[in-house]
Amino acid sequence: MRFFNRLRVFLISLMALLCVALALLPFVLQLSENAVDRTSRHDVAWNGINGRSEFQELRHLAMSNTLNPSAETAEAAALAYDIVLARLDTWQHGFFSTFLERNATRKAQFRDIVTTLEGLEPLIRTLEKPESTARTVEALNRIEPMITQLATGAYIDNTNEISDNAAVLRRLQWMQQSLIIALIFSGFILVLLLVIQNRLLKQAHKAEKAISAENAFLAAHDILTGLPNRASLHAALCDLRQKQDFKHPPAMLMIDLDGFKPINDVLGHHVGDQLLVSVAERLRMVLPRPEADLAARYGGDEFIILVHRTESL
């Protein structure tokens, strides 16, 4: 009788443990799915990088118009200005808006940026006047650090979120394993849940690695052509400076596509984008030493080829 009483207590305890485990398992599953979902979000970093790139394009055009005024440059600057305003509108919605709301300084910087850029519209429309160009460049230079800070903050915030989610996922994995030990005696159904959860965790880790690699690629490459961007070019130049070889000096070729704007105006920007992608592919093909030399997109229709050793030309 005492044995049966002990067995009854054991069965009751086991059933209670099973009920608790069954109650906790859906909650842990939901937490895992939420963590995977948060890990998969990278549009904050993407949005910030694109916004900074578009702003730098506007600033570059305005400064170019200062040095060499032309109606073509003024029109390109006006178009770039409209693109930047559209980008700022996207920053006010979705995950980027949440990113801004979490910090009062960011909100104040964003309001300052919006106010400054909206106030530049009369000047942007009259860039043929030297005074308008000078005032535009001055205003853009003033808000450039704020744009860069927001874009960098978005990238860092996104990276930190990925790291935090990884820690959450590791804790969830430990909890799931503990639950599985308690549920393994319940049979095939609980074992099947274990397989599903392990697969979910593998997908989460895979998504984390893929997003980290994608963010690193976006930070160092031009989105349209896939060529290294200005940051990569600057890093390569700094590396060459540290490895100076006077016997075999490097060479830098600057390439500008003439007549590119009419293609965009007549055939559309999608055709212009296809042309830029085609040019990028050809530049890759003509590199003397693809494993060492570099073809980069400097901006707009400007490309740069960096040859590490002139003897390879």
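1. **Ground rules.** Since the model is predicted, local features need pLDDT of at least 70 and side-chain atom pairs count only at pLDDT 80 or more, while totals for chains, interfaces and linings use all residues. Residues are numbered from 1 along each chain as its sequence is written, and side-chain values use heavy atoms, with hydrogens and water left out.

2. **The overall layout.** The protein chain has 11 helices and three strands (DSSP runs numbered from the N terminus: H or I of at least four residues for helices, E of at least two for strands). Reading from the N terminus, the order is α-α-α-α-α-α-α-α-α-β-α-α-β-β.

3. Of the 313 residues in the protein chain, 38% are buried (buried is under 20% relative accessible area, exposed over 50%, partly exposed in between, with a 1.4 Å probe and protein chains only). The chain exposes about 18,400 Å², and carbon and sulfur atoms supply 61% of that (areas by the Shrake-Rupley method with a 1.4 Å probe).

4. **The largest core.** The largest nonpolar core has 32 residues, and L58, L88, I113, L117, L120 and L140 touch the most other members (such a core is a set of buried Ala, Val, Leu, Ile, Met, Phe, Trp, Tyr and Cys residues joined through side-chain atoms within 4.5 Å). Elements that give two or more residues to this core include α2 (43–67), α3 (71–91) and α7 (130–183). Take L58: leaving aside residues up to four places away in sequence, L58 touches A77, A80, Y81, V84, I124 and L140 (contact means heavy atoms within 4.5 Å).

5. **A second core.** There is also a separate core of 12 residues, with L227, V279, A280 and I305 among them.

6. **Helix α9.** This helix (residues 230–242) has 13 residues. Its buried residues are S232, L233, A236 and L240. They sit on the same side of α9 because they cover an arc of only 100° around the axis (taken from the directions from the helix axis to the C-beta atoms). The face turned away from that buried side carries the exposed residues H234, R241 and Q242. At the N-terminal end, N229 caps α9, with a side-chain oxygen 3.1 Å from the backbone nitrogen of A231.

7. **A loop asparagine.** N103 is in the loop between α4 and α5 and is partly exposed, at 27% relative accessible area. The N103 side chain reaches the backbone nitrogen of T105 at 2.8 Å and the backbone nitrogen of R106 at 3.0 Å.

Conventions
Expected span 1.5 Å × (residues − 1). Polar contact = N/O pair within 3.5 Å; in protein donor to acceptor, adjacent residues only side chain to side chain.
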